[in-house]
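Subject: Structure handover

Hello,

Here is the structure I promised to pass on. Please have it open while you read; my notes follow below.

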Amino acid sequence: MKINERFRKKYSPEARDIFFTVPNLISLLRIISIPIIAVLVSRHRMIEALAVLAVSSVSDGVDGILARLLNQVSKVGQILDPIADRLLIFCSILALGVAGIIPWWMLIIVGLRDLLMGLEVLMLAQYDYGPLPVNFVGKSGTAMLMISITALIFCDIWNNPLVDLLHLAALAAGIWGVGLYWLAGGIYLRQGFELIREAR
């Protein structure tokens with residue numbers, strides 16, 4: 001009971017203007033790991049890629065937990081986390097395309113969506129708005145794409161009929177993920193334009 005009360009006292013739901021925190025350092029390390037994963041995938045070194053990806057995925061949850069436990073919820077951290085997710089998805093799809101595992105149109109569609117989101121963030125910043133909160137559709141799309149990417153990396157390690165079926169299922173999940181990714185993007189665009197209209 002006392003532990004819970006102490007936790008509630010220390011927990012700050014408001015993001016603060018702090019930069020040098022343990023969660024932010026973990027997020028930066030996660031971003032640094034992304035090109036390593038991409039290079040390993042593009043060279044078909046999938047076991048090493050999966051190992052680095054697993055560490056990166058664990059750190060994604062750890063930084064949020066530590067931010068709350070250490071009372072280090074920051075505005076920078078709220079920006080770094082979605083940037084890391086988008087970079088991981090884009091760079092992984094790029095690497096899978098270079099490796100010849102997925103079609104290039106998936107990279108183009110995902111890249112176009114992220115470009116639009118980046119432009120929207122810049123537009124919102126002109127009106128002193130930060131990044132929009134992540135919605136359920138966005139989380140679902142990101143999760144579906146990450147499941148697809150992980151499965152496609154896994155499937156490249158072996159070559160048998162069962163793995164071929166898993167490869168097709170992973171591609172299907174990736175297509176669904178791209179669809180949800182764009183649906184979430186449409187929601188973000190609508191929300192962003194509404195905020196800009198109100199600000200004007």
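One cut-off first: a residue is buried under 20% relative accessible area, exposed over 50%, and partly exposed in between. Please also keep in mind that this is a predicted model.

Overall layout

The protein has 7 helices and 0 strands. Read from the N terminus, the order is α-α-α-α-α-α-α. Its C-alpha atoms fill a box of roughly 55 × 45 × 30 Å along the principal axes. Of the 200 residues, 36% are buried. Take the contacts between residues at least 6 apart in sequence: 82% of them join residues at least 24 apart.

Surface

The accessible surface is about 11,900 Å². Carbon and sulfur atoms account for 70% of that surface. One nonpolar patch covers about 530 Å². Its members are Leu112, Leu115, Leu116, Leu119, Leu122 and Trp182. Helix α5, residues 104-125, gives the most to the patch, with 5 residues. Leu112 lies in helix α5. Leu112 counts as partly exposed because its relative accessibility is 43%.

Charges

The protein carries 17 positive and 15 negative charges. In general, side chains of opposite charge can pair when their charged atoms come close. This structure holds 4 salt bridges.

Asp81 and Arg30 form one of these salt bridges, at 2.5 Å from N to O. The pair links distant parts of the chain, 51 residues apart. Asp81 sits in helix α4 (residues 75-98), and Arg30 sits in helix α2 (residues 22-42). How accessible are the two partners? Asp81 is at 23% relative accessibility, so Asp81 counts as partly exposed. Arg30 is at 3%, so Arg30 counts as buried.

Arg45 pairs with Glu48, the closest N and O atoms being 3.6 Å apart. Arg45 is partly exposed, at 39% relative accessibility. Glu48 is partly exposed too, at 37%.

Arg113 forms a salt bridge with Asp114, with 3.3 Å between the closest N and O atoms. Arg113 is buried, at 3% relative accessibility. Asp114 has a relative accessible area of 16%, so Asp114 is buried. Elsewhere, salt bridges that share partners join Arg30, Asp81 and Asp85 into one network.

Best wishes

Terms used. Residues are numbered from 1 along each chain as its sequence is written. This is a predicted model: local features need pLDDT of at least 70, side-chain atom pairs count only at pLDDT 80 or more; totals for chains, interfaces and linings use all residues. Side-chain values use heavy atoms; hydrogens and water are left out. Helices (H or I, at least four residues) and strands (E, at least two) are DSSP runs, numbered from the N terminus. Buried means under 20% relative accessible area, exposed over 50%, partly exposed in between (1.4 Å probe, protein chains only). Contact means heavy atoms within 4.5 Å. Accessible areas come from the Shrake-Rupley method with a 1.4 Å probe; for residues, only the protein chains shown count as cover. Lys and Arg count as positive and Asp and Glu as negative; His and the chain ends are not counted. The place of a charge is taken as NZ of Lys, CZ of Arg, CG of Asp or CD of Glu. Patches are made of residues with over 30% relative accessible area and no salt bridge: like charges are joined within 9 Å, nonpolar side chains (Val, Leu, Ile, Met, Phe, Trp, Tyr) within 5 Å. A salt bridge is a side-chain nitrogen of Lys or Arg within 4 Å of a carboxyl oxygen of Asp or Glu.
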